[in-house]
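Please consider the following notes while examining the structure. They are arranged as numbered points for a reader meeting it for the first time.

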Amino acid sequence: MQEYYSFSSTEYLSDPEILDIVGSRGRRVMELASLGAPISPGFIATNDTLNQIAGDEAGVFDMLKDPLSDMESIFEKEFNSTDNPLLIKVVESPMLNMVNTFSTIHNIGLSTHTVEGFASFVGEQFAYHEFGNVFSHLAEMELLTEGVEAKRKSALEKAKKEFGAASVKSDSKKAVLAAIEKFGSVFPEEVFTDCYAQFEYVLKTYHKLFQVNQSSTDSAILVQTMVFGNFGKNSLFGTFYSRDIITGGAGISGEYFEGSFDDTVTAGKPITKIKKDVKAELDKIGAELESHFKEIRRVRFTIEQGKLWVIDQSEVLNKSAQAELKTLLDLHRQNVIDDKYIIEQIKPGRLSEILHPALDVRSVKEFGSAEGGIAGSVGAAIGRVFFETDELIKAYRMAVQKDEEANFILAMPATFAEDVKAIEVATGVIASEGGYASHAPVVARSLGKVALVKQDVVWGNKQMKIGRKTIKQGDYITLNVPYYEEPIIYFGKGELTKPSPEGSGLLEFLDVCEKHITPDFDVHCNGDQPKDAELAKKFNAHGIGLCRTEHMFFAADRILKFRTMIIAGNKKDREKALSELKKFQVKDFYELLKIMDGLPVTIRLLDAPLHEFLPHTRDSMDEFVKYFRKQYPKVSEAEVRNRCDLLKEFNPMLGHRGIRVAISYPEIYNMQVEAIFEAAYKLKSEKMNPKPEIMIPLIMSSNEMKTIRNGKRIEGTSIVGIKEIEEKVKKKFKGGSIDYKVGTMIELPAAALNADSIAQYAEFFSFGTNDLTQTTFGLSRDDFNSFFSDYNEFDLLEANPFKVLGSQVKELLQIAAQRGRLTRPDMKMGLCGEHGAEPENVAFVKSIGLDYTSCSPYGIPIAKHAVAKLNLAEVGD
């Protein structure tokens with residue numbers, strides 16, 4: 001077996017068996033050489049060779065002079081030369097891809113005989129700095145080996161310290177020569193005077209070092225020529241990425257440093273300003289590396305006396321999701337990769353990051369920061385912190401009026417329904433209570449905002465403390481909440497890039513996914529606003545799977561009217577308020593149905609507990625009291641407050657909400673249903689094809705569903721059915737029939753188990769897995785995270801059940817689907833909870849025969865990707 005293997009831009013290994021013995025670094029350098037890149041030449045000495053050198057086997061070390069001679073020819077330098085010495089670095093090449101404590105020693109070949117020749121090119125200060133470092137590192141290296149006697153250990157520690165200190169002295173020559181005089185006896189004399197002896201000593205020391213670490217015992221050694229960007233005229237050092245790592249824009253980006261060994265001494269210049277012929281060569285290298293590795297690469301290079309050398313290349317860990325995607329799309333267009341590769345290569349969470357601003361990490365490198373927390377909604381956000389909704393809204397309006405920067409971050413222990421308006425105008429939200437499925441993250445995901453749940457926040461009066469840092473109202477912070485890494489809060493104002501679907505490559509990627517999505521299972525959108533519907537259409541959603549109508553009432557022009565309706569003293573007053581609200585609802589539904597023309601729009605009638613709409617702060621309560629008393633001056637302030645207090649519930653999640661409100665106050669649902677049909681028939685009269693689906697929430701039994709759908713009359717009162725309301729509106733418009741459905745949300749175990757009887761009156765099931773998870777496990781999604789970590793520690797839960805469907809919830813879904821279709825074989829079914837975009841959940845609901853999954857607009861790309869990936873896998877099977 002050959003004992004060494006040379007490499008250069010024209011010489012490299014390709015035999016897989018031999019590549020197995022040259023180690024991970026050896027394989028990487030051979031791969032780079034195979035691409036024809038102008039790499040600095042060198043060779044790999046195998047582990048067997050190293051063992052033989054350590055055993056002083058005759059002729060083995062001398063054999064390595066042959067590849068050294070080849071390196072000398074290429075560089076027109078000589079190892080051990082006094083005039084222009086060739087210097088080398090020696091690097092461990094472990095079999096496994098890992099970095100050990102000590103892996104590299106540079107500038108072997110500097111001796112008392114060669115250092116002055118080297119100094120004539122790079123300067124005396126730099127030359128002796130590197131010379132001193134050789135012996136400091138040699139001492140460090142030997143200290144890591146086993147069996148060093150106490151006396152020698154002490155001498156090595158002193159030598160390491162002395163040579164290290166000498167190399168950074170203002171007169172490094174004088175200091176290093178003095179250190180040799182004082183500590184020269186630590187090493188054999190020839191290590192200072194004979195470069196070959198020095199090289200052999202280094203190899204033997206590596207062998208000793210490898211015996212200490214089990215992962216290194218079979219390591220090879222990589223030897224490579226050193227190149228210098230400060231080696232006289234026409235020399236420089238540079239680093240570049242094969243494309244912009246933030247925007248993904250084509251063309252290399254980076255810096256170069258004239259007359260510098262690295263990037264620590266002189267100021268860098270943009271790589272675009274380098275000489276045209278060099279730029280052309282770097283462009284070619286970058287493109288070839290991208291094509292070969294199928295990803296962005298980082299390249300370090302040196303030009304020594306006009307000659308370009310690639311030092312190394314590596315993957316880029318901090319590239320943005322947009323940059324990663326645009327790289328793959330470019331490779332796809334070039335036919336380097338196919339549909340399957342790009343779909344399988346993209347991680348689901350990266351798609352979510354694309355739709356949010358990306359942090360330019362260079363802008364925050366000097367900031368203090370705090371890591372940790374739960375990623376509620378990924379992305380990056382910058383803004384001034386405010387701790388109350390009303391104050392943030394006030395600051396936002398003032399900034400808009402003055403045409404000033406209007407970036408704000410809402411920070412509070414927990415958010416409620418009335419805080420949605422602040423989250424909507426903010427760039428991000430921080431909460432300390434709850435978890436992934438609590439209010440703030442859920443709302444943030446639906447609005448495309450950034451959310452972080454950080455449970456260790458200490459709240460004060462208009463301030464919060466994170467670790468030792470106190471953030472006061474108005475202070476700038478920068479949130480970075482990635483999908484696969486720890487969230488970080490930076491204390492200061494960073495810089496962001498703001499991607500858009502059109503410029504990010506996401507729409508092109510979704511077109512690729514769409515080719516592998518079939519009509520039997522697709523993705524719908526959870527959306528309440530026209531902008532949600534517009535984005536859903538852009539992302540190829542095949543309908544709206546959940547329109548939460550309660551969100552519509554928090555707009556500033558209707559919340560006070562809605563509150564007035566809630567605490568109305570009688571039905572007449574309630575209907576008066578509802579008649580005013582109906583105008584808004586007709587407009588709401590008209591806009592959604594128009595945008596989604598020809599596609600189903602599932603509209604959930606009012607679901608939230610009524611007290612959630614009432615004021616939660618002193619200012620908002622004062623505002624409401626004033627508004628209500630203007631309408632009803634005979635009602636005292638105390639009475640208004642009392643009516644609000646009486647609506648509070650001990651357990652509102654299981655209280656007076658959903659269909660239960662409709663049974664108590666049928667006029668509320670009547671108004672909403674009338675508004676839906678009026679909007680639909682108006683669109684039909686305009687030659688459009690509206691497809692409303694009316695969803696009744698929180699059903700327990702078929703009797704409830706029957707009552708709301710068909711109506712019911714008892715002595716003295718009645719509930720008007722949806723069917724009757726539709727007939728009434730139809731007569732008013734005189735325009736034929738519309739295609740509509742009435743169904744329910746299965747979100748209680750009782751409903752899942754009663755699915756066969758409920759299906760008699762429901763034309764579709766929409767599985768609300770947020771509440772189904774809560775009611776199945778008896779867990780509150782807002783409080784669960786206070787003890788989830790304890791359960792994780794003892795492996796009591798496989799995953800967060802509000803993110804990944806639990807097995808019991810899955811079983812209920814399967815039972816309900818089977819029983820529902822026994823009664824109504826053509827029943828349409830879908831999932832519309834926060835679980836809807838999680839790939840693992842998508843795979844499950846597809847497998848049990850559901851027709852779609854529905855998720856927030858910003859989750860659609862993730863769900864689409866998951867469906868395409870599943871279908872490709874099935875074709876492959």
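1. Beyond its neighbours within four places in sequence, Ser-320 is in contact (heavy atoms within 4.5 Å) with Ile-245, Ile-246, Arg-350 and Ala-358. This is a predicted model, in which local features need pLDDT of at least 70, side-chain atom pairs count only at pLDDT 80 or more, and totals for chains, interfaces and linings use all residues. Residues are numbered from 1 along each chain as its sequence is written, and side-chain values use heavy atoms, with hydrogens and water left out.

2. Ser-320 is placed in the loop between β10 (307–315) and α13 (321–333); helices (H or I, at least four residues) and strands (E, at least two) are DSSP runs, numbered from the N terminus. Ser-320 counts as buried because its relative accessibility is 9%, where buried means under 20% relative accessible area with a 1.4 Å probe, protein chains only. A polar atom of the Ser-320 side chain lies 3.0 Å from the backbone nitrogen of Ala-323.

3. Which residues of helix α3 (residues 47–54) are buried? They are Asn-47, Thr-49, Leu-50, Gln-52 and Ile-53. These buried residues pack against β2 (42–45), α4 (60–63), α11 (195–210) and β5 (220–225). Just after α3, Asp-56 has a positive phi of about 55 degrees.

Definitions and conventions:
Buried < 20%, exposed > 50% of the residue type's maximum accessible area, 1.4 Å probe, protein only. Polar contact = N/O pair within 3.5 Å; in protein donor to acceptor, adjacent residues only side chain to side chain.
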